[in-house]
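These are notes for a colleague who has not seen this structure before. Please read them with the model open.

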Amino acid sequence: MAIISSKQQPTEPDSQPKRRRESSGKSPSSPPKSDLLAPTAAVDETDKLEEGIRPQRLADYIGQKDLKTVLEIGIAAARGRGETLDHLLLYGPPGLGKTTMALILAAEMGTSCKITGAPSLERPRDIVGLLVSLKPGEILFIDEIHRLTRMAEELLYPAMEDFRLDITIGKGQSAKTRSLPLSPFTLVGATTRAGALTSPLRDRFGLIQRLHFYEPEELTVILLRTAEILKTPISREGAEEIARRSRGTPRIANRLLKRVRDYTQVKAKGEITQEVAAEALKVFNVDPLGLDWTDRRVLSVMIQNFNGGPVGIETIASASGEDVQTIEEVYEPYLMQIGFMLRTPRGRMVTPAAWKHLGY
Ligand code: ADE
């Protein structure tokens, strides 16, 4: 997981908290910085695509109205008092903009953001090194925070509560605890599984916010914005067609747009129309509701092998060849959102709407 840092100036530099203004050693026109600090880190294709098209400020962020309102108030209040923003836990399915929101918060607070993921913080020294490197007011984004080791979590508790690091030196009877002061910071934790967080960790977040799937109209606006950034001609109907098939998820919408752009360039020329978008997405196996091969496989295994359920998640996973976590975190949330799957105490069930959609 990459550790990047982004620094932007706040909208109102005058109301910038003193502590943070001192920490921002760059000129007001400095562009956002993005450097790779972790030697093992790799920025994959998705990250690169997303970096160029991410909204930079809250005003450019489309959708998630409630979340935006809560954050606008939190930002204004924290800046008014010259304090850091409360620690924030963002949860919801992947691709809805949790990392983007952390970067926007940094921009709005006039500070930088360090991005990492729980799997990169396995050894105590990883998290210790990260915490001591934080600058006053900085934002620390930890993705997949439910996967932190117990040791990392325990180091985080005093860090979150009192900006203090408690480290134990030595072992057994001669072990001593030392406390080191840390710079005040804001932890933004992201997870697809809020329920998997331990309660002591969850309780230390002042703000806990869920990200919801986007409406097709919101995805249409996001797609039109991305197409403009990519200099790709597209009609409104073309964007709507892609939006309808994007499973309520901006990351998927932007990915499909790139595939449709390739198809249009090679097969159709000209702008992306509704017809061309539908044709292209058929080629890429994305159906009119945005279901892909795996969604259909999971549903049809449940129908064919278990008469639609109820059936346990482990059984669905082994029968469909997918792993439990991917089904739970990636496929199931959208299938439940569109009313194709139900979770019951006796297992998962396919709804009549899904039977019909699959032609059974
Ligand atoms: N690109 C990806 N997500 C976005 C969002 N929520 N608003 C604007 N552009 C985006």
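1. Glu240 is found in helix H9, which spans residues 236-244; helices here are DSSP runs of H or I with at least four residues, numbered from the N terminus. With a relative accessible area of 28%, Glu240 is partly exposed, a class that lies between buried (under 20%) and exposed (over 50%), computed with a 1.4 Å probe on protein chains only. Leu223 is 17 residues from Glu240 in sequence, and their C-alpha atoms are 8.5 Å apart.

2. On the source: this is a predicted model, in which local features need pLDDT of at least 70 and side-chain atom pairs count only at pLDDT 80 or more, while totals for chains, interfaces and linings use all residues. Residues are numbered from 1 along each chain as its sequence is written, and side-chain values use heavy atoms, with hydrogens and water left out.

3. Ser300 lies in helix H12, residues 293-306. Ser300 counts as buried because its relative accessibility is 16%. Its side chain reaches the backbone oxygen of Arg296 at 2.6 Å. Leaving aside residues up to four places away in sequence, Ser300 touches Asn305, Leu358 and Tyr360, where contact means heavy atoms within 4.5 Å.

4. Helix H5 (residues 124-133) and helix H6 (residues 150-162) have axes that come within 9 Å and cross at roughly 25°. Axes are lines fitted to C-alpha atoms, for helices over the stretch in contact, and angles run from 0 to 180 degrees between N-to-C directions. That angle makes H5 roughly parallel to H6, the term for angles under 35 degrees. The crossing of H5 and H6 is right-handed, meaning that the near helix is turned clockwise from the far one by less than a right angle.

5. Which residues of H5 and H6 meet? From H5 they are Pro124, Ile127, Val128 and Leu131, and from H6 they are Met151, Ala152, Leu155, Leu156 and Ala159. The contact of H5 with H6 has nine nonpolar residues, no polar and no charged ones. Nonpolar covers Ala, Val, Leu, Ile, Met, Phe, Trp, Tyr, Cys and Pro; charged covers Asp, Glu, Lys and Arg; the others, Gly among them, are polar.

6. The axes of helix H10 (residues 250-268) and helix H11 (residues 274-283) come within 9 Å and cross at roughly 105°. H10 and H11 are therefore roughly perpendicular to each other, a term for 65 to 115 degrees. H10 contributes Leu256, Val260, Tyr263, Thr264 and Ala268 to the contact, and H11 contributes Val276, Ala277, Glu279, Ala280, Leu281 and Val283. The residues of this contact of H10 with H11 divide into nine nonpolar, one polar and one charged.

Key
Helix = DSSP H or I, 4+ residues; strand = E, 2+ residues; numbered from the N terminus. Parallel < 35°, antiparallel > 145°, perpendicular 65-115°, else oblique. Polar contact = N/O pair within 3.5 Å; in protein donor to acceptor, adjacent residues only side chain to side chain.
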